Amino acid sequence: MNAGIIGLGHYVPEKVVTNEDLEKMVDTNDEWIRTRTGIEQRRIADDSIDTSDMAYFAAVEALKDANLHAEDLDMILVATVTPDQPFPSVACRLQNRLGARKIAAMDISAACSGFMYGLATAEQFIKSGGYKNILVIGVEKLSKITNWEDRNTCVLFGDGAGAAIVGPVSEGKGILSYELGSDGSGGEHLYQDEYIIMNGREVFKFAVRQMGESAVNVIEKAGLNKEDVDYLIPHQANIRIMEAARERLGIEPEKMSKSIHKYGNTSAASIAIALSEDVKEGKIKDNDTIVLVGFGGGLTWGAVAIKWGK
Ligand code: UT7
């Protein structure tokens with residue numbers, strides 16, 4: 001049984017915070033943020049919207065897109081490092097709010113790679129039989145763990161959610177291969193104390209190396225060549241890191257997803273939001289070979305190659 005993505009949805013908060021807004025809060029400037037990161041603005045959720053609310057909005061859209069009802073779900077996986085609270089999980093909150101059956105529901109903690117971990121986990125449950133439709137969400141309210149006085153981090157992050165329904169698809173379609181990995185020795189470079197603490201340069205070096213490597217690995221695992229890739233969705237963390245991954249694959253700029261200028265780095269949500277938007281905008285078409293690749297705190301990484309379509 002092949003597993004693929006049969007429905008997508010996303011949600012970003014209404015409130016836009018521009019680089020100019022941040023200039024009034026910390027010693028930074030629009031020019032620095034744009035040239036070093038590619039970010040122009042980000043969306044920030046207000047106090048009335050928590051992580052599970054954003055996850056819910058994205059999930060409702062994904063279910064509709066898949067022509068399914070909540071009762072059709074067999075499992076809920078939510079990738080997040082900013083749950084409403086340590087437990088109950090966001091996934092359990094969703095099970096109740098969506099009105100799903102009493103199915104398995106759990107959160108995945110793999111930072112910005114979380115959506116990759118979710119897709120790979122869903123694929124395994126579907127392939128091994130017994131599970132049909134699995135809701136996989138990447139969602140973050142990073143604004144609640146951001147130190148708004150730390151210019152090294154507060155300019156980078158944003159809030160949002162992306163949701164995918166993973167389900168059975170026809171022969172030759174769906175998830176072709178994946179790679180997941182971790183290296184806990186690098187945990188000190190990116191972690192949460194009260195707020196996010198980051199050694200930007202170390203994470204940058206790791207990201208440039210790992211994104212390229214993982215993307216190439218999933219292409220090879222799928223029995224494909226770099227030339228076969230129609231579209232690349234890298235984790236939207238920094239345009240310079242994304243460009244390095246694109247160049248490693250040798251694909252044209254217009255074949256790479258780019259929403260970092262609008263949303264900043266939304267961690268586990270970034271690839272999920274990008275995928276949902278790009279499919280809705282017609283940038284990804286039936287039978288396209290697409291590669292999703294992410295990296296993040298842990299350190300963790302993950303990549304998934306997909307033949308698009310049902
Ligand atoms: O999802 C995974 C999460 N993390 C990442 O993906 C982050 C990966 N790293 C990066 O994206 C980059 O390292 C950053 C964007 C965080 C920083 O860019 P950089 O080119 O590595 O700059 P840097 O850290 O080497 O800093 C250069 C200068 C420093 O000043 P000095 O020491 O040269 O005088 C910083 O203090 O830029 C300064 N700086 C800023 N200036 C204006 C750092 N943050 C800012 C800021 N505004 N917001």
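Predicted model: local features only at pLDDT ≥ 70, side-chain atom pairs only at ≥ 80, totals over all residues.
The domain assignment divides the protein chain into domain 1, residues 2-169, and domain 2, residues 174-307. Their C-alpha centres are 16 Å apart.

## Extent of the interface

On the side of domain 1, 51 residues are in contact with domain 2, which contributes 45 residues of its own. The size of an interface is often expressed as the accessible area that is lost when the parts come together. For domain 1 and domain 2, the buried area is about 3800 Å², and 66% of it lies on carbon and sulfur atoms.

Within domain 1, the residues that lose the most area to domain 2 are Cys-112, Met-116 and Ile-145. Together these three account for 17% of what the domain 1 side buries.

## Salt bridge and polar contacts

One salt bridge is found across the interface of domain 1 and domain 2. A salt bridge also links Lys-280 with Glu-61, with 2.9 Å between the closest N and O atoms.

Polar contacts across the interface of domain 1 and domain 2 involve 21 residue pairs, counted where both residues have pLDDT 80 or more.

## The domain 1 side

Both helices and strands give two or more residues to the side of domain 1 that touches domain 2. The helices are H2 (30-37), H5 (114-127) and H6 (151-154). The strands are S1 (2-11), S3 (41-43), S6 (134-141) and S7 (159-169).

Sorted by class, this side of domain 1 has 24 nonpolar residues, 18 polar residues and nine charged residues.

Definitions and conventions. Residues numbered from 1 in each chain as written. Heavy atoms only, no water. Domains from an automatic or database assignment. Contact = heavy atoms within 4.5 Å. Buried area = accessible area lost by both parts, 1.4 Å probe. Salt bridge = Lys/Arg side-chain N within 4 Å of Asp/Glu carboxyl O. Polar contact = N/O pair within 3.5 Å; in protein donor to acceptor, adjacent residues only side chain to side chain. Helix = DSSP H or I, 4+ residues; strand = E, 2+ residues; numbered from the N terminus. Nonpolar A, V, L, I, M, F, W, Y, C, P; charged D, E, K, R; others polar.
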